[in-house]
Amino acid sequence: MCWRRKRHLMPSRIIIGQPDWKTSNYFFPSLNPYGTNTTFVPLVVIILAAAAKEIFEDFSRLVADRQVNRRFVLICKQDEKRKSWKWKRIHWAQLKVGQVVKIMRNEAIPADIILLSSSEPAGMAYIETSNLDGETNLKIRQALPTTAWIINDHTIMALCSTSSIIECDPPSPELYKFRGVIKINNSLKILKKKRDNQNLKTDYSLGTNQLLPRGCKLQNTDWVYGVTVYTGRYTKLVLNITGVTRTKLSLVERITNSMMMIQFGFLVFMALFNACMGCSIMSRKYYYMPYFHGNFHRFHIFPTLIGLIIFYSGLIPISLNITLEMIQLFQAYFIQQDLNLYDEHSDTKAVVRSSNLNSQLGQVRYIISDKTGTLTQNKMRFKMCTIGGIMYGSVMTEEFSDKRILKDLTRNAVNAKVIREFLTLLAICHMVVPEKYMNSKSKRVIYHSASPDEKALVKAAKNLNFIFHTRTPQCVYIEAMGKQEKYVILHVLEFTSNRKRMGVIVRCPNKKLKLYIKGADSVIFPRLTSNSSNLLIDKTTEHLMYFANHGLRTLCMAMCVLNDDEYEKWEPGYRRASISLKDREKLIEEEAEKIEKNLELLGASAIEDELQKGVKTTIQHMIEGGIIVWVLTGDKLETGQSIGYSCGLLDPCTPVLILNEKNPEATAEKINTYIDSFEGKDFKISLIVSGESLGHALKKQYNMQFLYLASLSSTVIFCRCSPVQKAAVVNLLKKWSDGTVLAVGDGANDVAMIQAADIGVGISGEEGLQASLAADYSIAQVYHLFLIMIIFLYHD
């Protein structure tokens, strides 16, 4: 049933007719030493004002709930009399799990729904998720090939009559995680045409690519069919709204609270001491009198104690909290209205979500920053590549414009075969979706992708005459040097932060089975075949170092030819892993490892990501102000070092220490060696740490030595970091440092770090708004951070 909040017109804190309503409200006025009216009248005014506010807010919520719950949606419902299926319009509040719905263009999604099919080719649907994650760009969802062909009312009603089953995870607030399995009745006549001369599979894996979450809006799609899996209070939208978030307290609030507790303790002590002394004296003086006689009664310790607490209550400055709240409110308003913090290009202004942390901005000691999208623009441009040991392109050009690569391909140079495989990989190994625009004059293809890197690589392949133009659930179509080619996509081995690679298994036009894979050199090189050319590996490694030293992001490309027996032996295990509801990601990684081996190295790409506006000046000012800046990035060590020099974090005259060990013992030994060498020295040092060494250094037995080494350094750059490692670095620094820790990032992988820091700042960038929405402050450019900090640093 759809979520319907039960509301009373009277707020829950004030319920008329109950005898236990606020005992203190009856008790205190009669004992007030200043007189009953001085307490009773303000108390009544405050209670009535609070009641009016609660009634107004509850009534507003009630009206809003009714408006949402009374929206209409089309469902496929069985007619009990005729035993047939028909479409019926019902309220959102009546929607139940398992019902098949039809949603039209520009309609809101009423519940979390599994996409079955759509009006678009290949079952694709476009949704806007701004109500869910704040991102205004359209997201692409795609139905399973098994159900994507169900495009009319007759077939969808036939599917409803099969009693097919969907199994999925319990409701979860995680927006980007969903695992499920759809089990379709294989006796369906309507599915017979999908057999393709093979045994029909009945269980199909479902993921976030098939989920339409509640709160989204259907765009650029005429209609979709779907099945509800979560409704009402169990949808991801509502679970995120009602979730409990950690409250951050500023230093001013912590000090104020401590002072209040001390003052209250002193108040209680004084009241207790005076009550005891007063009652003791009165009892000794009037020992011969009864406790109650006419209008006279001896003092009793408990009412006397309460009266004295009220008498001494002026010691506690209650108005101080109200004053601080008002100051913070006005500060937040001025920050949000400051034109210096407004970005005209993106039409974005600063947003304050935790105004109580304003005073903390002037006390920042450490800044932990992401690199991509924060220090850099996250707008990728394909600049250079190395193919078969030969380097193409130049760091001096704006775009890749080396014509030698096509000449070598067409003239059958030594590496011509490798060039073709390399460009084919760029054109088919990705999750980019093409959108065709045609008019009377021209025809063009626009690429949509959640990854700027993938989009840059596909564009590069297009500029080199390997044009990706069509994607269906089963196939990818490209135009290679003017010739149309069809690649059947058998499996997509998706990228994860743990795998650090992405691959596709395809059936090529010549019927060969091939695995194309791209990823970090640290995961590609160990999986190369044993008879790989050492000269090729050395040349590629040399070129990778050259790319990294110029601040370019690198990806290695590889492939292997699979035989049918090997694939048929591997495929059932991978399929079982893909439909598992428990530990699906882990099982898929284990199965992928079995096929991602004996690879042939093709080459590597180099993509440029320019620095953000004003980054170098901002970092220089922060360092001059005594703020220590650490950078955490997912790029390789050489790229991180190059970016460190280009943005001014690393000084050419400062020794740079590299921590890049493979095991815990070697890491600990290297840390101790550096400490012994540089402890007590007068000059500055910089530290660069690889992700593998960071994992060892964060272990309990080594983290204190590592933190001490980091404290000796003027700056630290962490490379190949996972989101978990980013949060762990922040938590370690918070626990043992004596200053405020501020974390700034722009992507979903920075959310854990931002939430763990004393102050979290999100950049509204190319990677979406997840970081911005999770942060205490949201800005458009990183140099705006310094403007905010310098204001509060000056006033503090």
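Where does aspartate 746 lie? Aspartate 746 is found in the loop between β32 (740-745) and α23 (751-756); helices (H or I, at least four residues) and strands (E, at least two) are DSSP runs, numbered from the N terminus. The structure is a predicted model, in which local features need pLDDT of at least 70 and side-chain atom pairs count only at pLDDT 80 or more, while totals for chains, interfaces and linings use all residues. Residues are numbered from 1 along each chain as its sequence is written, and side-chain values use heavy atoms, with hydrogens and water left out.

Aspartate 746 has a relative accessible area of 0% and is buried (buried means under 20% relative accessible area, exposed over 50%, partly exposed in between; 1.4 Å probe, protein chains only). In the unreviewed UniProt entry, the annotation "binding site" lists Asp370, Thr372, Asp746 and Asp750. These residues span 381 residues in sequence, yet no two of their C-alpha atoms are more than 10.6 Å apart, so they gather at one spot. The annotation "active site" in the unreviewed UniProt entry covers Asp370. UniProt positions are given in the numbering used here, feature names are shortened, and annotations may be inferred rather than shown by experiment.

Aspartate 370 belongs to strand β16 (residues 364-370) and counts as buried at 4% relative accessibility. Leaving aside residues up to four places away in sequence, aspartate 370 touches Leu375, Leu632, Lys726, Val744, Gly745, Asp746, Asp750 and Met753, contact meaning heavy atoms within 4.5 Å. The side chains of aspartate 370 and lysine 726 make a polar contact (3.2 Å). A polar contact is a pair of N or O atoms within 3.5 Å; within protein, one must be able to donate a hydrogen and the other to accept it, and residues adjacent in sequence count only if both atoms are side-chain atoms.

Strand β16 also contributes to a cavity lining: β16 and α17 (615-624) each supply at least two residues of the lining of the largest cavity. The largest contribution, four residues, comes from α17. Residues lining the largest cavity include Ile367, Ser369, Leu375 and Val744. A cavity is a set of points on a 1 Å grid over the protein atoms alone where a 1.4 Å probe fits but cannot get out, and lining residues have an atom within 4 Å of a point. The volume of the largest cavity is about 70 Å³, a volume being the space filled by probe spheres set on the points.

An open sheet of six strands, with antiparallel pairing, has the order β2-β1-β3-β12-β4-β10. Its edge strands, β2 and β10, each pair on one side only. Two strands pair if DSSP finds at least two bridges between them. Strand β4 (residues 112-118) has seven of its seven residues buried, so β4 is largely enclosed by the rest of the structure. Six bridges join β4 to β12 (residues 223-230), with leucine 115 opposite glycine 226. Two bridges join β4 to β10 (residues 211-212), where isoleucine 114 has leucine 211 as its partner. Three bridges join β1 to β3, and cysteine 76 stands opposite valine 100 in β3.

Helix α5 (residues 153-160) has six of its eight residues buried, so α5 is largely enclosed by the rest of the structure. The cover over these buried residues includes β1 (72-79), β2 (84-91), β3 (100-104), β4 and β12. At the start of α5, a side-chain oxygen of asparagine 152 comes to within 3.2 Å of the backbone nitrogen of histidine 154.

Key. 1 Å grid on protein atoms, 1.4 Å probe; cavity = no way out; pocket = protein on both sides within 12 Å on 5 of 7 lines; lining within 4 Å.
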